[in-house]
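Good morning, and thank you for coming. Please look at the structure on the screen while I describe how two of its chains meet.

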Amino acid sequence: MDVHRLPDIAEKVRRLILEIACRSRSAHVGSSLSCVDILTTLYFHAMKIDKNDWKNRDIFVLSKAHAAMALYSTLACKGIISMKKLSGYMQNDGTLPAHLDRFTSPGIEVSAGSLGHGFNIAIGMAHGYKLKRDGRRVFALIGDGESEEGSIWEGAMFASKLKLDNLTVIMDRNDLQGYGRPSELCHFEPMEDKWKAFGWKALRVDGHSFTELKGALKGGEKGKPKVIIAETTKGKGVPFMEDEMKWHYFIVTDELREEAMRHLCKY
Amino acid sequence: MRNSVIERITKEAGKKKDIFLITGDAGFGVLDNYKKSFPERFLNLGVAEQNMIGMASGLGLSGFKVFVYNIVPFVLYRCYEQVRNDICYQNVPVTLIGIGSGVTYSPQGVTHYSVEDIALARTLPNLVILSPSDPIEAVKCAEYAIKSKDPVYIRIAKSGEPVIHTGRVKDITRPVVLNEGEGVAVLFHGSVSTEVVSALKGVDRRPKAVSVPMLQPMDFSSLEKELKAIHTIITVEEHFVEGGLGSIIAEWIVSERLDYRLIKLGIKNEFIHKITNNAGMRSHYGISSEGIKGAIEKAYGNG
């Protein structure tokens, strides 16, 4: 995949998010837009995921599952979820719920929605594949607010002890959670130091730079799980949503959808 | 019973390479043989119950048949949301082996009792709940769990419980009749079975005694067949009197408009401040052999 195409794909994913968010009057638009560039880089560059070789695919776990619209839209662009199925998102008698249910579609590896769950499931899967000498890699996306969960640090301690170098965790570090900023609510940083102290390879990148994301996702350190702290902006791509806490909750009206789409063209 | 279950799983692990055993820092003297025989398929995930259940789910999703061993509070209470979301909602074949059922660990204190576990577990769809009454049933429960594609919760006391069945136990998915009787039936599960057995020895009229190791899903049609000549059901369990077997039977009687009188014996729904051993606690809450005997006599109208 040529790197220059990734921005085009990301823009398409953002358009799909705005479409389904508007149709369903869904919340969590900002949370979804925040991680689009990460998911685009994963699904269209870093991960081995091929419909014709499905059983050997790499695994992606969306632990911050309130950003489900971003995953659904990415999977739709990838052709794993049909556009018809995507259009049933959060509709009555529809196809896809607001948070993930793995029985609704292929590509949804883990049901999730409560924070601090998917991460630990991903650790178990990574250990399982390693024991089976299965070369598949496991990727998980966690939120920064999610990292206030004790389960994250329980898992962090064991994943490094188990030398899970087939596991890559990306933290969507947009510094906005439901009702505040992680940096203001608790002693959040220094994040790389914390993960390093837990035995992980840790790096920090611009979570909207495809070049930096590509570089960070490449390779790793033998015997160590990897965490990428991706500096992001909640609501990225739509100027009036960017870094605004209200876009954790606000809905995209028809008028706002038009305005957002116009701005997206310029992004 | 815990030894019977673990020995059975250890034996199977030699044949089936997908069996995996996780503990949360419990199992000294119990898991040693498994740990030594299958170190690759064993993990002590320490004092971190949320991660323990999450990882069990992930190992299950990657194709392993996972067993998790811990005392009940650390396999079900501390990590209830993980059991709900990561095991039952994902519907992965993980078996939770909870030890120290009821007030086995008296007088360790309330933190170590599991008197509401069935009430909690039975709200979880997909979860099979097993509470064996003796080591024979315990082995059968382990065998059921080994074959099962569903999440399973096995509730057991500790080790050293006596065998109560004189005959062969064919099927733990159905009520297991310990002895025949008329008019009154005693339904029970778990290690309190020894109190039932000893109560039966001291009564004039012997009631029908039925062990119910599978509490969820309950085979009501088999149960109804076993209760044909019965007017009074007595449920006995080392669990809160509300929320366990007694409640399951009460709901069934009401929903099916059945004509049984029901006497529920169990632990009063309260935080237990009494300090005494397991036998003393059973006596205090009316589930010792004396308490059960009294209930049987009352049910026959001569108490």
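This is a predicted model: local features need pLDDT of at least 70, side-chain atom pairs count only at pLDDT 80 or more; totals for chains, interfaces and linings use all residues.

**The interface of chain B and chain A**

Across the interface of chain B and chain A, the rule finds 1 salt bridge, meaning a side-chain nitrogen of Lys or Arg within 4 Å of a carboxyl oxygen of Asp or Glu. The partners are Arg133(A) and Glu40(B), whose closest N and O atoms are 3.4 Å apart.

Residues are numbered from 1 along each chain as its sequence is written, chains are lettered from A and ligands numbered from 1 in the order in which they are written, and side-chain values use heavy atoms, with hydrogens and water left out.

How many residues does each chain bring to the contact? Chain B contributes 27 residues and chain A 27 residues, where contact means heavy atoms within 4.5 Å. The area buried between the chains is about 2100 Å², and carbon and sulfur atoms give 59% of that area. Buried area is the accessible area (1.4 Å probe) that two parts lose on being put together, summed over both.

Which nonpolar, polar and charged residues make up the side of chain B that touches chain A? That side divides into 10 nonpolar, 13 polar and 4 charged residues. Here Ala, Val, Leu, Ile, Met, Phe, Trp, Tyr, Cys and Pro count as nonpolar, Asp, Glu, Lys and Arg as charged, and the others, Gly among them, as polar.
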